[in-house]
Structures are given as structure tokens and as C-alpha cells.
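The following paragraphs are intended to be read alongside the sequence and the three-dimensional view. They take up charged pairs, the ligand and the surface in turn.

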Amino acid sequence: MPAPALALSGQVLPAFLLCSTLLVIKMYVVAVITGQVRLRKKAFANPEDALRHGGPQFCRDDQDVDRCLRAHRNDMETIYPFLFLGLVYSFLQPNPFVAHVHFLLVFLGRMVHTVAYLGKLRAPIRSLAYTLAQLPCASMALQIVWEAARHL
Ligand SMILES: N[C@@H](CCC(=O)N[C@@H](CS)C(=O)NCC(=O)O)C(=O)O
């Protein structure tokens, strides 16, 4: 019987798939929290939702909802590129330990970024978490550029 594709791909691809999928699930959790904050603060994005929950006056902005939306937007600015960079990097035959450190830093950095953003933790915790996750992404981007350029 043929070995499953993931078993064939060494240790790096499964580690990337684990980290990236957990981060996608984390983004889903931020979206669920956003919905809960909208309900709790009665601050809806659409008139039809506001009408169902008390009246048109509840179609309004709210600082806490905006914070959730900013956290989600920052995830989109950082995690989406990681989905591309990490996948391509996994096929460059990196040292498995080094690759695992890259993925772990991205994962931990993005988790702390979300907790710091939604939990309103004091500065510069969120910025440090952002930087912690971006450094390995920059490293992967440079390695991909290098490998692509030398195969031109
Ligand atoms: N689009 C980002 C670019 C820079 C960035 O991502 N900064 C991090 C660390 S200070 C951040 O958490 N920004 C807050 C945000 O994107 O809402 C911004 O406007 O701040």
C-alpha cells in the first residue's frame, strides 16, 4: 500500500500544516468573539441585524468591536502571507529543527498578538509579538527569493 503523502514529505510539511491550520482556527475564533461582542454591546454592522436586536439605533460603531476587527485585519495581513511562505519554504528542504523553530515563532507570536490585542495588554506586548512572528516570515521570504533567483 502506498505511504500517505504527508508521511512522504518528511517532518517539515506536517509541522507547517499543523501551525498554519491552528492559526486559521484561531482566526475563526476571533470572528466568533467579534460576533459575541456585537451582541453584548448591541453594535451591529447591518440595519437588519440591529432591527432584530432592539432597533435601528443599534446599527452603530463600538470601540470593542473595532478592536476585534483590527485584530482580525492584522491576522489577514500576516497569517495569509505565512500560508504561502511557509508552504513554499517547506519544499526547500530546510533543516527540520530550523523549520520547526520558524513555524513555532510564527504560531506563538500570532497567538500572543491576538491575546494582547483583544485583552488590551499594555504596550509594547502586542508590537513585540507582531515582530516575533514577522521575523521568521521575513527569513522564509528571503530564503525563497534566494532559492528562486539562483534557479533562474
Ligand atoms: N497595518 C498595520 C501595519 C503594522 C502592524 O501590523 N503593526 C502591528 C504591531 S504595532 C499591529 O499590531 N498593528 C495594529 C493593527 O494592525 O491594528 C497597522 O496599521 O498598524
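E147 is partly exposed, with a relative accessible area of 21%. In this predicted model, E147 forms a salt bridge with R150, and their closest N and O atoms are 3.2 Å apart. The two residues are three positions apart in helix α6, so about one helical turn separates them. R150, at a relative accessible area of 52%, is exposed.

Side chains of opposite charge can pair when their charged atoms come close. The structure holds seven salt bridges. Another of these joins the side chains of D75 and K26, with an N to O distance of 2.5 Å. Because D75 lies in helix α4 and K26 in helix α2 (residues 12-41), this pair ties together parts that are 49 residues apart in sequence. Both D75 and K26 are buried.

A further salt bridge connects K41 with D62, whose closest N and O atoms are 3.0 Å apart. K41 belongs to helix α2, whereas D62 sits in the loop between α3 (47-52) and α4, so the pair ties together parts that are 21 residues apart in sequence. K41 is partly exposed, since its relative accessible area is 26%; D62, at 13% relative accessibility, counts as buried. K41 and D62 also belong to a network of salt bridges that links them with D64 and K120.

A polar side-chain atom of E77 lies 2.9 Å from a nitrogen atom of the ligand. A polar side-chain atom of H113 lies 2.8 Å from a ligand oxygen atom, and an N or O atom in the side chain of Y117 is 2.6 Å from an oxygen atom of the ligand. On its own the ligand has 440 Å² of accessible area, of which the protein covers 64%.

The surface also carries a nonpolar patch, formed by F97, V98, V101, L104, L105, L108 and L132, with about 580 Å² of accessible area together. Helix α5 (residues 96-118) gives the most to this patch, with six residues. L132 lies in helix α6 (residues 125-150) and, at 37% relative accessibility, counts as partly exposed.

Terms used. Residues are numbered from 1 along each chain as its sequence is written. This is a predicted model: local features need pLDDT of at least 70, side-chain atom pairs count only at pLDDT 80 or more; totals for chains, interfaces and linings use all residues. Side-chain values use heavy atoms; hydrogens and water are left out. Patches are made of residues with over 30% relative accessible area and no salt bridge: like charges are joined within 9 Å, nonpolar side chains (Val, Leu, Ile, Met, Phe, Trp, Tyr) within 5 Å. Accessible areas come from the Shrake-Rupley method with a 1.4 Å probe; for residues, only the protein chains shown count as cover. A salt bridge is a side-chain nitrogen of Lys or Arg within 4 Å of a carboxyl oxygen of Asp or Glu. Helices (H or I, at least four residues) and strands (E, at least two) are DSSP runs, numbered from the N terminus. Buried means under 20% relative accessible area, exposed over 50%, partly exposed in between (1.4 Å probe, protein chains only). A polar contact is a pair of N or O atoms within 3.5 Å; within protein, one must be able to donate a hydrogen and the other to accept it, and residues adjacent in sequence count only if both atoms are side-chain atoms.
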